[in-house]
Amino acid sequence: MNTPKPTNLLPYNSYSLCAIAEQAYIPTNTSELEDALASTSSGASKVIVIGGGTNIILSKPYYDKRTCFIITTSMDRYIHWNGCICTASSSVPLQALIQESLDKKLKGLEKLAGIPGTVGGAIFMNAGAYGIDIHQHVLDVKTYDPTNKKYNIFSKEQLKSNYRSSIFQVNKEIIIEISFKLTPSNTPECEAETAREILSRRNRTLPHIFPNAGSVFKRPASGLRVGEIMEALGMKRFRIGGAMISDLHGGFIVNISQANGCDIINLAELMKKAAREKLNTHLELEQIII
Ligand SMILES: Cc1cc2nc3c(=O)[nH]c(=O)nc-3n(C[C@H](O)[C@H](O)[C@H](O)COP(=O)(O)OP(=O)(O)OC[C@H]3O[C@@H](n4cnc5c(N)ncnc54)[C@H](O)[C@@H]3O)c2cc1C
């Protein structure tokens, strides 16, 4: 069985935050995952799953044995196709799934082009862009419930889909496999072009030199964009420790020089406070603090 070792989580989070975890498992299949969870259930009080690590803030430099990390990126990767239905393991990079769907002339996922991370992470977050949320194309999701040691199937209707929110943020089950239903396209070159355009727009408008984890906040109910709010408040390039509000996109915090989780969280708090006090706008964190 895969044994837990003290692990530096730096390569497993897109902010490139340095954090030592006393207990981290990197299972390669579901049986190793089950073993890992069984061996931690007595000691660890908290199990944290990391997929691509592109939407998390590691708040501490050190996690003792009470927190058990499960890193899913080495789990079996597969996408099985049956016409316009596919089943992907949660460790598959979302971009690989999108590319295969385009190659098969299926539409539905093309507007998610450029969102980093795994399919499992995208389902947990209900990731989306350009008016599309990934749950719209889900048939069902297979999970592992570590408490009752059993596998469950959630239909699309059971996902409690909301903007960047899903039932898995509440029930803490581990996402194993996802089935999608896509739509055959008569104009596959259009979807491929849409994906290319979105990728090129992302490359132009989002920070990619410094490590980051995408939008810090959900889009406010007012419809204002966080980037525009920060621009209006003159907060771009504002810095705490090694963390800075990106000058390219004011909704992103970037790690410009060995930031730690507290730098990022404190900066996010400052952004929230400024938006509330100066524009009466409530900002809700999208990124997951661990
Ligand atoms: C440059 C950049 C651009 C981005 N653009 C977008 C965008 O346009 N739209 C958008 O929605 N997001 C965007 N994001 C955020 C992020 O990429 C998505 O939320 C992504 O879907 C997260 O996937 P992940 O595998 O990295 O999840 P992680 O960051 O690893 O985890 C996120 C959460 O999901 C949980 N989780 C992950 N895998 C599993 C699993 N198998 N079972 C149970 N829980 C799990 C984790 O515990 C954590 O709470 C962007 C990020 C970056 C860095």
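In what follows, Ala, Val, Leu, Ile, Met, Phe, Trp, Tyr, Cys and Pro count as nonpolar, Asp, Glu, Lys and Arg as charged, and the others, Gly among them, as polar. On that basis, the shell around the ligand in this predicted model comprises 14 nonpolar, 13 polar and 4 charged residues.

Let me stay with the ligand. It is surrounded by 31 residues, of which the closest are Val 49, Gly 51, Thr 54, Thr 118 and Arg 202. Helix α3 (119–125) gives the most to this shell, with 5 residues. At least two residues each also come from β3 (46–50), β9 (128–129), β13 and β15 (212–215).

From the side chain of Arg 164, an N or O atom is 3.2 Å from an oxygen atom of the ligand. The protein covers 92% of the 970 Å² of accessible area that the ligand has on its own.

Strand β13, a contributor to the shell, also belongs to an open antiparallel sheet of 5 strands, ordered β6-β7-β13-β11-β12. Its edges are β6 (79–82) and β12 (150–155), each pairing on one side only. Neighbouring strands are turned by 15° against each other on average, direction ignored.

Within this sheet, β7 (residues 85–89) and β13 (residues 174–181) pair over 5 bridges, and Cys 86 has Phe 180 as its bridge partner in β13. Two helices pack on the sheet. Helix α1 (residues 30–40) touches β11 (138–145), β12 and β13, its direction making about 145° with that of β13. Helix α2 (residues 94–103) touches β6, β7 and β13, and its direction makes about 25° with that of β6.

Key
Residues numbered from 1 in each chain as written. Predicted model: local features only at pLDDT ≥ 70, side-chain atom pairs only at ≥ 80, totals over all residues. Heavy atoms only, no water. Pairing = 2+ DSSP bridges. Helix = DSSP H or I, 4+ residues; strand = E, 2+ residues; numbered from the N terminus. Axes fitted to C-alpha atoms, helices over the stretch in contact; angles between N-to-C directions. Contact = heavy atoms within 4.5 Å. Near = heavy atom within 4 Å. Polar contact = N/O pair within 3.5 Å; in protein donor to acceptor, adjacent residues only side chain to side chain. Areas by Shrake-Rupley, 256 points an atom, 1.4 Å probe, with all protein chains shown as cover.
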